[in-house]
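Subject: Structure for you to look at

Hello,

Here is the structure I said I would pass on. Please open it beside this email and follow along.

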Amino acid sequence: MYGYGGRVLRVDVTSRRFEIEPLDPRWIKDVVGGRAANTKRLAEDLDTASDPMGPGNVLIFGVGPLTGTLLPASAYYTVTARSPLTGILGDSAAGGHFGPEMKLTGFDQIVITGCADALVYLLVTEDGVTFVPCPELAGRNVIDTTAAIREAHGDWDIQVAAIGIAGENRVRFAALVSSGNRVNGRAGMGAVMGSKNLKAIAVRGGRPVRLHDPLQFLDGVRKVHRAILDHPEYEKRRRLGTTMLMRDLNRIGILPTRHFQEGLCPYVEDVSGEQLASTYKVKNKSCYNCHVHCSRYYVCDGIEAEGPEFETLCGFTSRIGSRNLPFALEMNRTLNQYGMDSLAVCEIVGWLMECQEKGLVTPEDVDGLRVSWGDCETVRRLVDLIAHRQGIGDALAEGATRFSRRFSAAAQKLVMQVKGMDIICGDPRGIKAYGLTYAVASRGADHLRAEPYFELTERWEVARQRFGTEKAADRLAEEGKAALVTYSEKIALLTDSLTMCKNVGLCMDVINLDSAAALIGAATGVRYTADRLAVHFGDAVKRDLELNRRFGVTKADDTLPERFLHEPLAEGPTRGSVVDLPRMLGEYYRLHAE
Amino acid sequence: MVCQQCAERYCVACPENALVLGPLGQVVVSPTLCSECGACTRSCPIGAIEPVDGIAYVCDLCGGDPRCVPACTQGAISFASGAAGTVELAAFKPGSERLAPSHKRAVYVHALGRAVRDGWQVARD
């Protein structure tokens, strides 16, 4: 098969055996690759009765037909399993250099089951798997683990996706980290690794990616390349990356401040992306074959690291009431090296701060820790306790949603989560399509299932053409948002299946179903049309829902925290607005029934 | 990391005489003479030459107009014509033969990066 590696690697870590099977062209045709293919595999292979942190869970690494080609910004890979945090479908994607290297091993998917009796890592090459026992790597951070594995094999081209201490301790929201700082953060994929006693997956490939029609493919690549370089946001994105959202969201009054109690941050200029770029940032970093190279490398107080992305920056500044930028940079590095989802951690912290302020949780409830807004020292302590599962950290490592069940209904309601997944840093009261996306997303509160960034772009005419109403481009309107989300879900799946970056593929709107059909056709020789792809991805969205239904998810779970439905923001450009979710949901379900 | 057109030219001591220097100072590989023995790969201290599909593969400056230079949107790659032979790699030679090319590249890049890093720290302190 052109484009694809054409093989699936199945690994059983209990018996330390592996099998290589051909990728069935008919099987892959209706999912293309990446996330959609992973979900299909999970739905087929997983016994839904099995414990997410038991040997029965199926951990899948997946890339797509265009991963590792010249297509810009297509360096992602997706990791899928049943989530230990939410108990439902879990997956998380990351960029960097792991995905393309995995592609060169000739495996489109690595499917891992079982549980090793002691800590091991897998070295995956074209020939299959070497199981390497690694007791000496226990407790080591991600960067040290990566270096140790490269050193052990004398090969610096090896790419490593590893867990840190949090994954080893099975913190439910533990992350998997590759290229040192590229994080599969959400849904606890690091905890699944830890539960299998897998410290890392190392990949090293040497197979070329063969294309059906290289010249035609190159033609499509040039168009995407041009669209990126000519994009009006190119300079801004390349300078700031996602941290541009600090100012952008504050400007429209939806920057989570003091745990979503406010949408305006008075000290945003101290913690903005611009501030980071003009102080501690020393250079740009890029994923494989991306011209936006939006990632920031920084030096601060003796720490060198990459990032933080917007979610971590906001999560450890305004969301927890802190104006301390160096502290956020420190937390970014700490969390990446411990291997923990920054959103899950900042939700625990923000929730504790609000609950202690309101007297719903006392310091005695949490080992005597008094935590108030912007109290960096206590946050630092909490993070250490959680990663090591020490003291109250052991209970907090279960996640904000589970931990809150020890307390009153009032305290539980303050957890900003949907389906057990902590909400991202964007207040849905001022971005209604995002509100709908959080409510319906199949991995729980999440924007990336649709990323309806379109509603922030004020493209009224395009809105009328695509969604039948200008209101689709009005962030405060509910009208047209179900149509926008239904459309964006498909484009999000398209980018995820091609393992493209959503910032580029979706937010910068450089690829659509037509251009994707041409690119996939030139690369693989499989003829798709835009309509065909839309049908396939529509089916794939349904496949997510069917799988979640098997996990017990119902429509009643498609909701938002009460704050967003009933408490309007008091100040700023989003003042007075709440999410009219039932209206959007009704329309959304109607569109999905069609 | 590409060939630095170093002063020492360890690689051209090819047992098959397959490597010669071109007019720009670039290394030119003869596809007929190259037997893929790997002597050049072992001798290069910074891992800039490796066999690929039966022939030694090394930067040949694209005939004097390296395509990678305009391709880099960060301006990180520059080409100084006439600068061949100005980079000395003798300091990286001892012990390098044991290492894989990717390892040698990592060592070289880290060494170059150290000065830059020290500059960052000074600027922040």
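A residue is called buried here if 20 or more other C-beta atoms lie within 10 Å of its own, exposed if 12 or fewer do, and partly exposed in between, with C-beta atoms placed from the backbone. By that rule, buried residues make up 19% of the 125 residues in chain B.

Two notes on reading the rest. This is a predicted model, in which local features need pLDDT of at least 70 and side-chain atom pairs count only at pLDDT 80 or more, while totals for chains, interfaces and linings use all residues. Residues are numbered from 1 along each chain as its sequence is written, and chains are lettered from A and ligands numbered from 1 in the order in which they are written.

Chain B

Chain B has three helices and four strands; helices (H or I, at least four residues) and strands (E, at least two) are DSSP runs, numbered from the N terminus. Along the sequence they follow the pattern β-β-α-β-β-α-α. Taken along the principal axes, the C-alpha atoms of chain B fill a box of roughly 55 × 35 × 25 Å. Two residues are in contact if their C-beta atoms, placed from the backbone, lie within 7 Å. Among contacts in chain B between residues at least 6 apart in sequence, 59% join residues at least 24 apart.

Where the chains meet

The contact takes 10 residues from chain A and 11 residues from chain B. On the side of chain A that touches chain B, the elements that give two or more residues are strand 13 (281-285) and strand 14 (295-300) of chain A. The residues on that side of chain A divide into four nonpolar, four polar and two charged. For these classes, Ala, Val, Leu, Ile, Met, Phe, Trp, Tyr, Cys and Pro count as nonpolar, Asp, Glu, Lys and Arg as charged, and the others, Gly among them, as polar.

Domains of chain A

Chain A is divided into domain 1 (7-203), domain 2 (243-407) and domain 3 (431-509 + 529-593), with bounds that come from an automatic or database domain assignment. The C-alpha centres of domain 1 and domain 2 of chain A lie 26 Å apart. Their contact takes 31 residues from domain 1 of chain A and 25 residues from domain 2 of chain A. On the side of domain 1 that touches domain 2, helix 4 (142-153), helix 5 (165-168) and strand 10 (176-178) of chain A give two or more residues. The largest share of that side, three residues, comes from helix 5 of chain A. By class, the side has 18 nonpolar, 11 polar and two charged residues.

A sheet in chain A

Strands of a sheet pair through backbone hydrogen bonds, either parallel or antiparallel. Chain A has an open sheet of six strands in the order 8-7-12-9-10-11, with mixed pairing; two strands pair if DSSP finds at least two bridges between them. Strand 8 (128-133) and strand 11 (182-184) of chain A stand at the edges with a single partner strand each, so one side of each has no neighbour in the sheet. Strand 10 and strand 11 of chain A pair in the antiparallel sense over three bridges, and A:Leu176 stands opposite A:Asn184 in strand 11 of chain A.

The loop between strand 10 and strand 11 of chain A holds A:Ser179. A:Ser179 has a positive phi of about 45 degrees although it is not a glycine. With 25 C-beta neighbours inside 10 Å, A:Ser179 counts as buried.

How many of the 16 residues of helix 14 of chain A are buried? The count is 14, and the helix is mostly covered. Just after helix 14 of chain A, A:Gly359 takes a positive phi of about 75 degrees.

A:Trp373 lies in the loop between helix 14 and helix 15 (376-388) of chain A. With 16 C-beta neighbours inside 10 Å, A:Trp373 counts as partly exposed. Leaving aside neighbours within four places in sequence, A:Trp373 is in contact with A:Arg258, A:Ile320, A:Gly321 and A:Met353.

Two more backbone features

Most residues other than glycine have a negative phi, and most peptide bonds are trans. A cis peptide bond joins A:Gly307 and A:Pro308, with omega about -15 degrees. A:Asp509 has a positive phi of about 55 degrees although it is not a glycine.

Regards
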